[in-house]
Amino acid sequence: MKLVDSHCHLSFPDFLEDQQKVIGRAREAGVMAFLNICTKLDEIEMVHSLTTEPGVYCSVGIHPHEASMTLQTTNKLKHILEERLQTPKTIGLGETGLDYYYNHSEKDDQEQSFRIHCELAVKYHVPLIIHTRDADEDAIRILDDYPGVQGVFHCFSGSEMLAEQAISRGFYLSLSGILTFKKADELRKITEVVPLDKLLVETDAPYLAPIPHRGHRNEPAYVIETAKMLAQIKGKSLEEIATATTANFFKLFSRAETFQ
Ligand SMILES: [Zn+2]
Ligand SMILES: [Zn+2]
């Protein structure tokens, strides 16, 4: 069985002590690829350095939480991202988007940063890793300004409306451990009708550990729990879900093939 963790933060301090063991455990659990996600400028080098590991890819981008701080300290964000896109095993742009739940950055700054990522995504045909919270309408409005843009709504837990709008525009949805939570009936219902060829699985580790690991640090090996739940929802075997979500990952992040 081959699974992909399409979104994890292996370079966060949470994994400093046992990063290698964490990757080892994931491989034993059938995880053959990881997308190590960048969230801020001073993380770029560290996130990329882990791609020396087989099967570990990385993104480059600025989390919406970091938008104000980043734009205040550099006017070269676009240039920096553009340059980093030329480095091996960098296969996605993000995570970027809008987070109106926390609003750690000014809305205008979040939008400006998001638009920079969108522009580059179109220019270089690199998919976006989109983070939205309480900002579905604005996110779609902005994406619509960039015909041809591709990407994934990561850690999808949004509304049926967002799911429909995302799918109709060719975007993918990535499901996290939230899918296993007791109170996630609504999300499971939405997932039932989303075509399997538009779904990815992720952990967002170290956050959001799925049941039965809830409350502990999350790690890529646990992506199997989300895949198991998805199998149950879709009435398929775990093997079928692994095969489908892995194929979807490599279809979307097509650059990954060139670096295998
Ligand atoms: Zn996120
Ligand atoms: Zn994340």
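A residue is called buried here if 20 or more other C-beta atoms lie within 10 Å of its own. G92 has 31 other C-beta atoms within 10 Å and therefore counts as buried. The model is predicted. Its protein chain contains eleven helices and eight strands, and 50% of the 260 residues count as buried.

**Overall form**
- A compact globule of 260 residues would have a radius of gyration near 18 Å, so the 17 Å of the protein chain agrees with that expectation.
- The C-alpha trace spans about 50 × 40 × 35 Å along its principal axes.
- Among contacts between residues at least 6 apart in sequence, 69% join residues at least 24 apart.

**Nonpolar core**
- The largest nonpolar core is made up of 76 residues.
- The residues with the most contacts inside this core are L3, F34, L93, V152, L173, A227 and L230.
- Not counting residues up to four places away in sequence, L3 touches several residues, including V31, M32, V201, I224 and A227.

- Strand β3 covers residues 56-60, and five of its five residues are buried.
- In a regular strand the side chains alternate between the two faces of the sheet.
- V56, C58 and V60 lie on one side of β3, Y57 and S59 lie on the other, and both faces are covered.
- Strand β2 (residues 31-36) pairs with β3 in the parallel sense over three bridges; N36 has C58 of β3 as its bridge partner.
- Strands β3 and β4 also run parallel, joined by three bridges, and V60 has L93 of β4 as its bridge partner.

**G92 in strand β4**
- The buried residue G92 belongs to strand β4.
- Leaving aside neighbours within four places in sequence, G92 is in contact with L35, S59, V126, P127, I129 and F253.
- G92 and V152 are 60 residues apart in sequence, while their C-alpha atoms are 9.8 Å apart in space.

**Helix α5**
- Helix α5 runs over residues 107-124 and has 18 residues.
- From its first C-alpha to its last, α5 reaches 26 Å, close to the 26 Å expected at 1.5 Å a residue.
- An α-helix has 3.6 residues a turn, so residues three or four places apart point the same way.
- The buried residues of α5 are Q110, E111, S113, F114, I116, H117, C118, L120 and A121.
- The elements that cover these buried residues include the helices α3 (67-73), α4 (77-84) and α6 (136-143).
- Strands β4 (90-99), β5 (128-133) and β6 (151-153) are also among the covering elements.

- Most residues other than glycine have a negative phi, and most peptide bonds are trans.
- H125, which is not a glycine, has a positive phi of about 55 degrees; this residue comes just after α5, in the loop between α5 and β5.
- H125 has 12 other C-beta atoms within 10 Å and so counts as exposed.
- C155 is not a glycine either, and its phi is positive at about 50 degrees; C155 sits in the loop between β6 and α7 (160-168).
- C155 has 25 other C-beta atoms within 10 Å and is therefore buried.
- The peptide bond from G94 to E95 is cis, with omega near 10 degrees, and E95 lies in strand β4.
- I211 and P212 are joined by a cis peptide bond with omega of about 10 degrees; P212 is placed in the loop between β8 (199-201) and α9 (223-234).

Definitions and conventions: Residues numbered from 1 in each chain as written. Chains lettered and ligands numbered in written order. Predicted model: local features only at pLDDT ≥ 70, side-chain atom pairs only at ≥ 80, totals over all residues. Helix = DSSP H or I, 4+ residues; strand = E, 2+ residues; numbered from the N terminus. Expected span 1.5 Å × (residues − 1). Contact = placed C-beta atoms within 7 Å. Core = buried A, V, L, I, M, F, W, Y, C linked by C-beta atoms within 7 Å. Pairing = 2+ DSSP bridges. Rg over C-alpha atoms; globule rule 2.2 N^0.38 Å.
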